[in-house]
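Here is a short report for a first look. Please view the sequence and the model together, then read on.

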Amino acid sequence: MRQQHSFSPTLREVPNDAEVVSHQLMLRAGLLRQVASGVYSYLPLGQKVLRKVQEIIREEMNRAGAEELLLPAIHPSELWQESGRWDVYGPELMRLKDRHERDFALGPTHEEVITSLVRDEVKSYKRFPLCVYQIQTKFRDERRPRFGVLRSREFIMKDAYSLHADEASLNEVYQKMYQAYARIFTRCGLNFRAVEADSGAIGGTDTHEFMVLSEVGEDTIAYSDTSDYAANIEKAEVVFTEYEQLLPAEEKPLELVDTPGVKTIDQLTTSLKVDPKQMIKTVAFEVDGELVVVLVRGDYEVNDTKVKALLKAETAELLPEERIVKELGSVPGFLGPHGLDNVKILADHSVKGMKGAVIGANEKDKHYLHAQPERDFTVEDYYDLRNVVEGDPSPDGEGRIKFAEGIEVGHVFKVGTKYSEAMNATFLDENGKEKPMIMGCYGIGVTRLLAAIIEQHHDQDGIIWPETVAPFDIHLITVNPKKEEQRELGEKLYQQLQEQGYDVLFDDRQERPGVKFKDADLMGIPLRITVGKQAQEGIVECKSRKTGDIEEISINNINQFINQRR
Ligand code: 9G3
C-alpha cells in the first residue's frame, strides 16, 4: 500500500484525553478515531490488525472443533423476557423500539439467542456436543467508558457456546477451549495468566478468566507467592482464621458520641483515635431489587461479587444515598447495624466476635462506641464477603497472597442449565427422558486484545507489533524520492517484495525524512527497509523495530535476509 494514499492520519502530539498508552498510540498511529464516548472507528491500520487477530482466533477455534456462525445484533425482547434478564439488567442493556413499537435489545451477549436457536433445532442427545462461535459486535452501555477500546460501549467479541447432554462432555469441551485460548493469546504475543474467576449470576461451577498482565488493567489478580494459585480478586477466597482480637476484653454498654462531619473510616480513625480494625463498616446494596446490608471490619472492603454470588443474584448495586435516607431511615456516612430493622444484615467473618467496635448510629454526626454483634445487632449469618488482601494466606494453603493488575481478554464459563431451564430448551436422553441442555460459553474481547497487545508491546517512540499481528510485514521508505536512483530503487523493491508475497507499506511521500521515520516508529511495523544515499550501490538499510538493530543489505540478498529473520 502506498502511504501517500493510505488513510492513516498520524498525530505528533499525545492526545490529552487519552489516559493510557494503548489509547494514545492507537490515536497517534492512525488506528482509531473516536465517534462518541466509548464508540470508535477503526481506520485501515486498525482494521488490518483486527483481521489478523480474528484469523488467529478462527484458526484455533476451528482446530478445537468449533464452527463459526453469525447471530443477530438486535434481539427481540421476548427472548430476554424468557430468560428473565430483560427486567434484571438496567441501563447497561441498550434497548430500542422498531417501527412497530416492538422492544429490542442491542446484544451485549448471546446466551438467549443461541439457546432459542438450538432449542428449535435439536431434540436428541445424539446431536451433542455442539460448539459454535461468532465474531460479532456487542453493545454494553458502560456507565463510564474509559481507556479507549479497553472499555468501550460497542466492541467486537468472539463468543462461543457449547451444548451438551452431560457434564462430562462439557468438561471435555471446556478443556479444549481453555487450551485454544492459551494458543490464541500466545500467538498474539501476550504474557497472560489464566485465573479462577467468579461465575456470577450465570451460575455454573468452573470459570476462568485470561488476564494480560498490565498495570492499566482494571482487574486485580490475587496470586500466591509460592504456588500457582491465581484468582480474580472478585473470586479469591479468604482463608478464615480466628481474627486476632484487638479490642478491649471487658464489655461496655453502647455509648453514643458526637462525630460531626466524620463520615469515612479515615476521618473516624483521626477523630476517635481508634484503629480501623476496631470499627465495623456498614454497606447497603440493592441485590436483584432487594435491600441488603453487609458488615465488614473497618480495615477491609466488602466484595460485591461475593455478595452477588452468595445470593445467586444477577446484579448488586450500592444503594444510592437518597435511598439510604428514605428506605433505611439512616444518614449516608453514619449507617450502622444497631436499630436497623426490616433489612437483611449479612456479615463477613471478620466481624464475628468483635467487641468494643465503633459503628454508625444511623443519625447525622453520631456514632456508637463499644458495639458488639448479637448484643447490639443481629446478623443473619457470617460469610466470606470481603476482598482478600496482600499477605493473607493463599486459599490453597501455600504461600501468601500478592496482587497484580490484569486486563481481562478472555473468559470461559461452565454455565450449566441456567438458560435451558429458563427457556425450556430440552432434549431427549438415551432413555427418552426429557432433560435441559447443558451449556458452556467462551468469550474473547477482540478489540480489547488490540489495546492489550499495545500495552505489552510499545516503547517511547510507538507501537512494536508482534509479527503475527502486524498490519504490514515491511515498512519500505524512500528517503528522498526526488533523487532518481532512490525513487527507482524504491519502486523496484516495492514491486519485488510484493511479488514475494510480503505485505508492504511504501512511504514514497514528499516528506522530510524525520517525519517518515517518526511515523514508522509510531506505526510499529516489524521490519523497516530504507532506500537512501547508497541506492546507487544497491545497498539498503534494514532496521528491526523490536531490537533497533540496523544492517546494510545488498538488494540481491534482501530476500535471504528477510527469510532468515522470521
Ligand atoms: C447484559 C449486559 C452486560 C453483560 C451481560 C448481559 C456480561 C452478561 C456476562 C457474559 C457471559 C459470557 C458469552 C461470552 C463470554 C461471556 N455483561 N455478561 O451476561 F445484558 Cl447489558 O457475557 N457471555
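Which handedness does the crossing have where helix 2 passes helix 6? The crossing is right-handed.

## The model

This is a predicted model.

## Helix 2 and helix 6

Two packed helices are described by the angle between their axes and the distance between the axes. Here, helix 2 covers residues 44-63 and helix 6 covers residues 167-187. Their axes come within 9 Å. They cross at roughly 155°. Angles over 145 degrees count as roughly antiparallel, so helix 2 is roughly antiparallel to helix 6.

## Who surrounds the ligand

## Polar contacts and cover

T109 places a polar side-chain atom 2.8 Å from a nitrogen atom of the ligand. In the side chain of E111, an N or O atom is 2.6 Å from a ligand nitrogen atom. R140 faces an oxygen atom instead: an N or O atom of the R140 side chain is 3.0 Å from an oxygen atom of the ligand.

On its own, the ligand has 510 Å² of accessible area, and the protein covers 90% of that.

Note on methods
Residues numbered from 1 in each chain as written. Predicted model: local features only at pLDDT ≥ 70, side-chain atom pairs only at ≥ 80, totals over all residues. Heavy atoms only, no water. Polar contact = N/O pair within 3.5 Å; in protein donor to acceptor, adjacent residues only side chain to side chain. Areas by Shrake-Rupley, 256 points an atom, 1.4 Å probe, with all protein chains shown as cover. Axes fitted to C-alpha atoms, helices over the stretch in contact; angles between N-to-C directions. Helix = DSSP H or I, 4+ residues; strand = E, 2+ residues; numbered from the N terminus. Parallel < 35°, antiparallel > 145°, perpendicular 65-115°, else oblique. Left-handed = near helix turned anticlockwise from the far one by under 90°.
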